Amino acid sequence: MMRTQMPEWRKLAEHHERTREAHLRELFAADPERGTRLTLEAAGLYLDYSKNRVTGETMRLLFALAEACGLPRAVRDMFAGERINTTENRAVLHTALRNRANAPVPVGGRDVMPAVNAVLARMADFARRVRAGQWTGHTGRRMRNVVNIGIGGSDLGPAMAAEALKPYGDRNLRVCFVSNVDGTHFAEAVRGMDPAETLFIIASKTFTTLETMTNARTARAWTLEALRDEAAVARHFVAVSTSAAEVRAFGIAPANMFEFWDWVGGRYSLCSAIGLPLMIAIGPENFAEMLEGFHAMDRHFAGAPLDANMPAILGMLGVWYNNFFGARTHAVLAYDQYLHRFAAHLQQLDMESNGKSVSRGGQRVAWATGPVVWGEPGTNGQHAFYQLIHQGTQMVPADFIGVCRSHNPLGDHHDKLMANLIAQTAALAFGKTAEELRAEGLRGGLIAHKTFDGNRPTNTILAASLTPHALGALTALYEHKVFVQGVIWDVNSFDQWGVELGKQLASAVLPELAPAGEPDLRHDSSTNALIRRYRGRRGR
């Protein structure tokens, strides 16, 4: 049955018609305990969802929809290793990567946990050797620079986490990330580095990804130009891949290849060997603590009833705004500078997962699916785009993320940061009325400009501190929220066919940019004109 034809969907639509004008000022006035009642703690995180435009009935209807869409069964199937990625006929088992209980997880009749644990042990051994200076380069010098070369899920997750957990890193070891095929990214990343002290991690499942292998070959040439010995590749390059043949052809010994599996999607792969640069940066013990945080949220998601399930609550609130209020974007506003790449990671996680217009059964959907996800750290965003969130014509639901203890307690900086977080959620919820402005003595035309409607929905997520455990729990929270919404929208959250077309067209255009021969062009008039313009100005 079409989602919009389900009785549970229709009941929500009717409920929305009755309640859409209700204001948060009224909801809080009617329920003095609302601010403590609509809260939840799980895996070390605290969620306040009281500043949402919902009543108890709203939440009951949302959970009824989730039940009718088969969410509890879908959760069980994912954790059990069923092939829920139907278009690629694969299991979806990123949760097995951080299965700290080590309970068996069967795929095709075989427990995957021994292989998962073996790769984690190899990663830990290698990370310790690099950090201790025991893994040396071709000239015998210790590695002081680690450069991860990957793109998408092979970059965004570990790059985000390396920034978030920088306080736990070895500051004598520089860990950086190169993803863009724009040569500037590589050139600026390695500027000032000594090739004799630089280790490259090439992260590509097939070892054929265009951007990654272009940067990898450039890194190889940069290394050999300085060290002038092909044997140096084996000491300065390791691989995260599944293709031993391609890795060997590049010059990397298969013994220095770290494996992962086709049941790990790129954007869900931080806990796999894709996390090797992060493990080197923060050490195996801190990496293990992060896995514990992931696992704690996994256990909560798998075991908690829907009405006390943090990912389910966030996911269903997103459905409420996306499908019934017509909200098309969602802001993630982290009030911790170390989380400045968190929204970028969530953009891929959410939009690559649920940016779909075809159902799992292959039909066009007749309802909105994934929103545009965006955000910047507070308080920077307050001086940029909060004007639109407060007084613009669009509803922008937002998540505010903060920590109670800073890693850098300088004066009253952190109190001021958190005062802004708390105040912004209150201002968005309750606004300021014309009557309140007049009571303050304001008169004339400025009243209209200084009136804030409020009723702008937010969630607040707090952790005690940004520890590896907290980061793991927070990231898993959003992974599972995305899964919840994919189930409700009846889309496969674990494929990404939309990424492929642009790659195919780029492969066709690339030889037409080459100076030799300048082949005839048979594209549309715009594409042909752009190619000709580039040809004519390429060397100027």
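1. Lining of the largest pocket. Helix H9, with three residues, gives the most to the lining of the largest pocket. The model under review is a predicted one, and the remarks below should be read accordingly. Helix H9 spans 210–227, and helix H15 (342–354) and helix H21 (500–509) join it in each supplying at least two residues of this lining. Sorted by class, the lining of the largest pocket holds 14 polar, 12 nonpolar and nine charged residues.

2. Largest cavity. Seven cavities of 30 Å³ or more are found, and the largest of them has a volume of about 80 Å³. Its lining includes Gly 318, Tyr 321 and Asn 322, and also Ala 327, Thr 329 and His 330. Pro 371, Pro 397, Lys 481, Gln 485 and Trp 489 are likewise among the lining residues. At least two residues of this lining come from each of helix H14 (310–325), strand S10 (329–335) and helix H20 (468–489). By class, the lining of the largest cavity has five nonpolar residues, five polar residues and one charged residue.

3. Aromatic pairs. The whole structure contains 23 aromatic pairs. In one of them, Phe 200 and Phe 237 have ring centres 5.0 Å apart and planes at 20°, so this pair counts as stacked, the limit for stacking being planes under 30 degrees apart. Phe 200 belongs to strand S7 (residues 198–203) and Phe 237 to strand S8 (residues 237–240), so the contact ties together parts that are 37 residues apart in sequence. Phe 200 is buried, at a relative accessible area of 0%, and Phe 237 is buried with a value of 0%.

4. The structure holds 23 salt bridges. One of them joins Arg 141 and Glu 197, with the closest N and O atoms 3.0 Å apart. Arg 141 lies in the loop between helix H6 (113–132) and strand S5 (145–149), while Glu 197 lies in the loop between helix H8 (183–190) and S7, so the bridge ties together parts that are 56 residues apart in sequence. Are the two partners buried or exposed, wholly or in part? Arg 141 counts as partly exposed, at 35% relative accessibility, whereas Glu 197 counts as buried, at 16%. Arg 141 and Glu 197 also belong to a network of salt bridges that links them with Arg 144 and Asp 194.

5. Further salt bridges. Asp 31 and Arg 37 meet through their side chains in a salt bridge, at 2.4 Å from N to O. Asp 31 is buried, with a relative accessible area of 18%, and Arg 37 is partly exposed, at 46%. The side chains of Glu 163 and Lys 166 form another salt bridge, with an N to O distance of 3.3 Å. Glu 163 is partly exposed at 24% relative accessible area, and Lys 166 is partly exposed at 32%.

6. Backbone geometry. Most peptide bonds are trans, and most residues other than glycine have a negative phi. The peptide bond joining Gly 378 and Thr 379 is cis, with omega about 10°; Thr 379 is located in the loop between strand S11 (372–374) and helix H16 (386–391). Phe 207 has a positive phi, near 60°, and is found in the loop between S7 and H9. Arg 228 is exposed, with a relative accessible area of 71%.

Conventions:
Residues are numbered from 1 along each chain as its sequence is written. This is a predicted model: local features need pLDDT of at least 70, side-chain atom pairs count only at pLDDT 80 or more; totals for chains, interfaces and linings use all residues. Side-chain values use heavy atoms; hydrogens and water are left out. Helices (H or I, at least four residues) and strands (E, at least two) are DSSP runs, numbered from the N terminus. Ala, Val, Leu, Ile, Met, Phe, Trp, Tyr, Cys and Pro count as nonpolar, Asp, Glu, Lys and Arg as charged, and the others, Gly among them, as polar. Rings of Phe, Tyr and Trp (its six-membered ring) pair if their centres lie within 6.5 Å; planes under 30 degrees apart count as stacked, over 60 as edge-to-face and the rest as tilted. Buried means under 20% relative accessible area, exposed over 50%, partly exposed in between (1.4 Å probe, protein chains only). A salt bridge is a side-chain nitrogen of Lys or Arg within 4 Å of a carboxyl oxygen of Asp or Glu. On a 1 Å grid over the protein atoms alone, a cavity is a set of points where a 1.4 Å probe fits but cannot get out, and a pocket is an open set with protein on both sides within 12 Å along at least five of seven lines; lining residues have an atom within 4 Å of a point. Grid points are joined across faces, edges and corners, and a volume is the space filled by probe spheres set on the points.
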